[in-house]
Amino acid sequence: MGVAEEGKTPRRRRRFSKGLQEQEIAEEMGQKENYRHELREAIRQLRDRGLYTAAKWAAEQLVGLEEEERPVTPSPAFIRTDRGSSSSSSRRERRPRAGSHELLRGGGGGGSSYSTPLVGRSHVAAMAAEYETPVFQETEVEHDRYMLAKAYFDTREYRRAAFMLRDTPGKKAFFLRCYSLYLAGEKRKEEEAIELEGSLGKNDTVNSDLPVLAQELSSSQKNGTLDAFGMYMYGIVLRENGHNTAARDILVKSVDAYPWNWSAWLELQALCMDISTLNSLELKDHWMKDFFLASTYLELQKNNEGLQKYAKLQEVFPFSEYILGQIASGLYNSREYDQAENLYSDMLRYDPYRVDGMDIFSNILYVKESFASLSHLAHRVFSTDKYRPESCCIIGNYYSLKGQHEKAVLYFKRALKLNKNYLSAWTLMGHEYVEMKNTPSAIDTYRRAVDINPRDYRAWYGLGQTYEILALPNYALYYYRQAAHLRPDDARMWIAIGNCYDSGHLEMFDAAIKCYLLALRNNDNEGIAMHKLAKLHSYLKHHDEAAHFYKMNLERMEKEHNDGPEMMDALYYLANYYKHRKDFEAAEMYCSRLLDYGGPWYQSYRKFVPWFCGLPSLAWAFFFTNLDIHLPF
C-alpha cells in the first residue's frame with residue numbers, strides 16, 4: 001500500500017462512521033415518528049369508544065415524545081432546531097428528567113432503539129381501517145344513532161346509550177353498548193351499597209348486568225366476532241365473575257390484537273399476582289409491552305427491574321410525565337426519599353396543577369416530617385381540586401403529621417366516599433386507627449385494603465402490627481410473613497418477624513436470629529437488626545457473637561454521629577467483655593468513652609470517677625478486677 005493510499009484510508013473510515021451515525025439518527029427519528037402516528041390514531045380510536053383513561057394516557061405519551069422540529073421549507077430530512085431559539089422548545093427543555101438519579105444509572109443501556117418491531121404508517125392505516133369498518137356497512141342514520149348514543153354516554157346516561165344502540169350493527173357500536181351496560185350496572189351497584197350500609201360499609205351488592213353481558217360476549221367470542229375492544233370488555237366481565245385465568249387469557253389476546261389500549265394492560269396487570277404469572281404470559285413484541293412490564297414490576301415490588309425499564313423508555317419518551325411519576329414512585333418504594341422528593345418537586349414546577357401521584361409525594365413529606373412542604377402541598381391540591389381522592393388523602397396526611405388523627409380519619413373517609421377502591425386511603429386510615437388505639441377498626445380497615453389488592457404489603461404489615469399490639473404473636477407472624485413474601489428485600493419485614501419470635505410468648509430465639517441476619521443482609525440502614533442481634537446473643541451467653549455485633553453497631557453509629565442510648569449499651573457491654581478477657585487496654589478505652597455520656601449507670605459508679613481518671617493501665621487492671629460491672633439486660 002502506498003503512502004497516498006494510507007492517507008485515504010482514515011478519511012474513508014471517518015466518512016463511513018459519519019454515514020453510520022447519520023443513518024442511526026434517521027432511524028431513531030423515523031421510529032419516533034412511527035410512535036407519534038400510532039398514538040395519534042390510538043387517541044382517536046379510544047376516545048370514540050369512551051375509553052377516556054386510556055386516551056389520556058396515550059396523549060401524555062404523545063406529548064412525552066421529543067419534538068422533532070420541521071423547517072418551514074420542504075426538506076427531505078428532519079432538522080432539529082436549537083433549543084434556545086424557540087420559546088416552545090425552551091419550555092420543553094426545562095421539563096424534568098430522571099436519568100441522573102443513582103438507581104437509574106447504567107440501567108438504561110446504550111441508545112434509544114428498541115428490540116420491538118417498528119410499526120409504520122401503513123400499519124396505522126390498516127389499524128384505522130380495521131377498527132373503523134363495521135361488520136355491516138354503516139348507514140348515515142346508524143352513524144347518527146351512534147353519535148347520539150355516544151353523547152348519552154358522555155353525560156353518564158349509560159342505559160339510554162345502550163338502548164339507543166340495541167339494533168345498531170358494527171363492532172364499535174357493540175362495544176359501546178356492552179360498555180354502557182357494564183357502567184350502568186356499576187353505577188346501580190354503588191347506589192345500592194350506599195342505600196344499604198353507606199359508602200364504606202361491607203355489602204354483597206353485585207352488578208346485575210354481568211350475567212347478560214357474560215352470555216352475549218361469550219357467544220360473540222365463540223362466533224369469532226369479538227374484536228380487541230370486545231375481548232377487553234369480556235376480560236373485565238370474566239374477572240368480575242371470578243374467572244381470573246380465563247380473563248387473563250382473553251386480555252392477552254386483546255392486547256396482542258390492539259396494544260394501544262392502556263386500560264386493557266392495567267386489567268391484565270391486576271391479574272398478575274406474582275412474578276411467575278407475569279413470566280408465563282405469552283405477549284407479542286411491541287413497545288407498549290415495555291410500559292406494561294415496567295408498571296407491573298413496580299406493582300410486584302421489583303423496583304430495580306421496573307426502574308431500569310423506565311430508564312430505557314425515557315430515552316424514547318424523554319418528556320413523559322407518566323414515566324417520571326413512575327420513576328418517582330419506584331424510588332419511593334426503594335426508600336430513596338430524597339431523590340423521589342426532588343422528582344416530584346420538579347414535576348410540580350412544570351405542572352403546578354397536577355394531582356396524579358401527589359398522594360405518594362405527601363407520603364414522602366410525611367416520612368421526612370416536612371411540615372411546611374406538606375402544608376403547602378395540601379393547600380395547592382385543595383385549591384386545584386378538593387374533591388379528588390388524592391387531595392383528601394394529602395390533607396389527611398397533613399392532619400396526621402400534626403397529630404390530629406380524628407381529622408385525618410375524616411379526610412381518608414372522604415377519599416373513600418369518592419373512590420371506595422382507593423387503596424392508599426384504606427391503608428393510611430388503618431395507620432390512624434392504630435395511633436388512636438382503635439385496634440378493631442384498624443384490623444377491619446387493613447382487611448379491606450388487602451381485599452382490594454392482596455399485593456399491598458403495607459396493609460399486611462399493618463395487620464401484623466395490630467395483632468402484635470394485641471399480644472397475639474402467632475397471628476402477627478402470619479401477616480408479617482405475607483408482607484415479607486411481597487417485600488423479601490425489605491429489612492423491616494424481617495425485623496418484625498424476628499420481634500415476634502423474640503417475644504416472651506414464643507421465645508424462638510434461633511428463628512429470631514435468622515430473621516435478624518436476613519434483615520442485616522437486606523440493608524438495615526437504621527441498625528435495628530445489629531442491636532437486636534447483639535442483645536439476643538448476650539442474653540443467650542454468646543459473648544463473642546454479642547461483642548461482634550455491638551462493635552458493628554458502634555462503628556455504624558460513629559459514622560452517623562449518633563450518640564443515642566444504643567451507643568452507651570455497646571460501650572458498656574464491650575468494656576465488661578474485654579475486662580473478662582483480661583484485655584485491660586481495650587476495656588480502658590471503652591470505659592473512658594463511656595464516661596463521656598450520661599445515663600442511669602453513671603450515678604452508680606460516679607464515686608469511682610475521681611479515683612481512676614488519671615490512673616495508668618495497671619491501676620485500671622486492678623480496678624476492673626475488683627469491680628463487677630453487671631450488664632443492663
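In helix α22, the buried residues (under 20% relative accessible area, with over 50% counted as exposed and values in between as partly exposed, using a 1.4 Å probe and protein chains only) are Thr-439, Ala-442, Ile-443, Thr-445, Tyr-446, Arg-448, Ala-449 and Val-450. The model is predicted, so to speak of local features a pLDDT of at least 70 is needed, side-chain atom pairs count only at pLDDT 80 or more, and totals for chains, interfaces and linings use all residues. Residues are numbered from 1 along each chain as its sequence is written, and side-chain values use heavy atoms, with hydrogens and water left out.

Helix α22 has 14 residues and spans 20 Å from its first C-alpha to its last, close to the 20 Å expected when 1.5 Å is multiplied by one less than the number of residues. The cover over its buried residues includes α21 and α23. Helix α23, at residues 457-469, has 13 residues and reaches 18 Å, close to its expected 18 Å. Its buried residues are Tyr-457, Ala-459, Trp-460, Gly-462, Leu-463, Gly-464, Thr-466 and Tyr-467. Among the elements that cover them are α21 (423-435), α22 (439-452), α24 (473-486) and α25 (491-502). Just after α23, Ala-471 adopts a positive phi of about 60°.

Turning to the whole protein, there are 33 helices and zero strands, where helices (H or I, at least four residues) and strands (E, at least two) are DSSP runs numbered from the N terminus. Of the 633 residues, 50% are buried. Contacts are heavy atoms within 4.5 Å; of those between residues at least 6 apart in sequence, 59% join residues at least 24 apart. The accessible surface, from the Shrake-Rupley method with a 1.4 Å probe and, for residues, only the protein chains shown as cover, comes to about 31900 Å², and carbon and sulfur atoms account for 51% of that area.

Beyond its neighbours within four places in sequence, Phe-317 touches Tyr-35, Leu-39, Gln-61, Gly-64, Leu-65, Trp-287, Phe-291 and Ile-323.

Cys-178 lies in helix α7, residues 171-197, and counts as buried because its relative accessibility is 1%. With neighbours within four places left aside, Cys-178 is in contact with Leu-213, Leu-217 and Met-233. Val-212 sits 34 residues from Cys-178 in sequence, with 9.6 Å between their C-alpha atoms.
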